[in-house]
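Student: I've got a model open and want to talk it through. Can we go over the sheet and then the chain contact?

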Amino acid sequence: MADESLFDFLHMEIVAHVYKEQQSSKGEMDNKDRAVCISVLEGMGFRVGQGLIERLTRDSPSFKDELDIMKFICKDFWTKVFRRQVDNLRTNHQGTYVLQDNKFVLLTQMSSGKQYLDQAPKYLAFSCGVVRGALSNLGLESVVTAEVSAMPSCKFQVVIQKL
Amino acid sequence: MSRQSNRTTDSKKMNSELFTLTYGALVTQLCKDYENDEEVNKQLDKMGYNIGVRLIEDFLARSSIGRCQDFRETADVIAKVAFKMYLGITPSVTNWSPAGDEFSLILESNPLVDFVELPDNHSTLIYSNLLCGVLRGALEMVQMAVDVKFAQDTLRGDSVTEIRMKFIKRIEENLPAGDE
C-alpha cells in the first residue's frame, strides 16, 4: 500500500513539470498555453482512470443504467480514489451530473477559503481526467469539468455525451 | 511502539493502484516530452529530489525518529521505516562495503512497476529513477550527501531490483547552498 502523502507530492510535481515544460518552450504563457497544460494533465488522468476502473469493477455486478454507474462513481470509486464519498450528487436527468465534494483531497492541504483560488484549476485537471477515463471504460463518453468557489470544496460537472 | 506507529501510518493509506498508474502516466508523458531515455532518467531524478526534500519533513514528523548515529542506522531507518511507511515494502539491506559507507537495498517487489513492461526501444530507461531522487533529496535535508543509483532492475531482466547507496560526505550546517 502506498501512502497518500507520496501521491500528493507526486501529483504536485507532475503539475509543476507540465507547466514548466510548456513555459520553457514558449517563454511567456498565455491562455492557450494554459489550456494545453490542462489538457495534458487531463489526458494523463484519463489513462489512469481507465486503468483504475478495470481494477475496481473486477468483482462488481454489471450496472443497470447511467444513474447506477454514477452512483458507483460517487460511492465506491470516490472512496477508493479520493478516500471519501461524494457529498452530494445532483442530476437534471438529461445526462448532466454535478458531484460535490466538500473536502476534496487534493485541495485540503492548499487552503481553506479563497486564497490561491486562481491556482485551483491546475490541481483539478488530473482528477477530472481520472473521472472521465473511468466513465469512458464504463461505456459513457463525457466531458468533466471542475469548479471551485471556496477551497477545499469542489464541484465536478459531468456531461454525458449522447451518441 | 509498533502499535502506536501503525495507527498513524494506517490512517493515511491509499489506493496504491492510483499511485502506480499515476506514476506510469508520468513516465509515459516524460517519454513523449523528451527524446532520449537519459533525459527522462534525469527528469525523474530531479522530480524525485523535489519530492524528497519535502517528504523528509512529513517523515520526521510522523515517525518521531531522531538523528542517526551512523550510516548503518540510516540504512535501517530507510529500509524498515521509510520504505514501509510510504510504499508498504521492506527492502533488505546488504552488500556493505568494508568501510561501511556503501550498501544496497534489495527490493523484492517494487510497487512502482506493478503493471509495467518496458518496450524494447527504451532499454536504457531507469523506470523507477524517481526513487533515487527521493532518497537523495530526503537525506540531503538531514545533512547527508549520498549517491543513489539503480544497480539492478527486474524490468530490465535482472533477477532483483537493487538500489546502491554511497555516502559521500556530511554536509556542514549553517551553509545553505548558494549562500556566501
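**Sheet and interface, step by step**

Student: In what order do the four strands of the open sheet in chain A run?

Tutor: Keep in mind that this is a predicted model. The edge strands of chain A, strand 1 (88-91) and strand 3 (142-147), each pair on one side only. Put together, the order is 1-2-4-3.

Student: At about what angle does helix 4 of chain A run to strand 3 of chain A?

Tutor: Helix 4 of chain A covers residues 125-137 and lies across strand 3 and strand 4 of chain A. Its angle to strand 3 of chain A is about 155°.

Student: Now the other chain: how many salt bridges does the rule find across the interface of chain A and chain B?

Tutor: A salt bridge needs the side-chain nitrogen within 4 Å of the carboxyl oxygen. B:Arg62 and A:Asp3 meet that way at 2.8 Å, N to O. Across the interface of chain A and chain B, the count is three.

Student: Which element gives the largest share of the side of chain A that touches chain B?

Tutor: Helix 1 (4-26), helix 2 (31-56) and helix 3 (66-82) of chain A each give two or more residues to that side. The largest share is 12 residues, and it comes from helix 1 of chain A.

Definitions and conventions: Residues are numbered from 1 along each chain as its sequence is written. Chains are lettered from A and ligands numbered from 1 in the order in which they are written. This is a predicted model: local features need pLDDT of at least 70, side-chain atom pairs count only at pLDDT 80 or more; totals for chains, interfaces and linings use all residues. Side-chain values use heavy atoms; hydrogens and water are left out. Two strands pair if DSSP finds at least two bridges between them. Contact means heavy atoms within 4.5 Å. Axes are lines fitted to C-alpha atoms, for helices over the stretch in contact, and angles run from 0 to 180 degrees between N-to-C directions.
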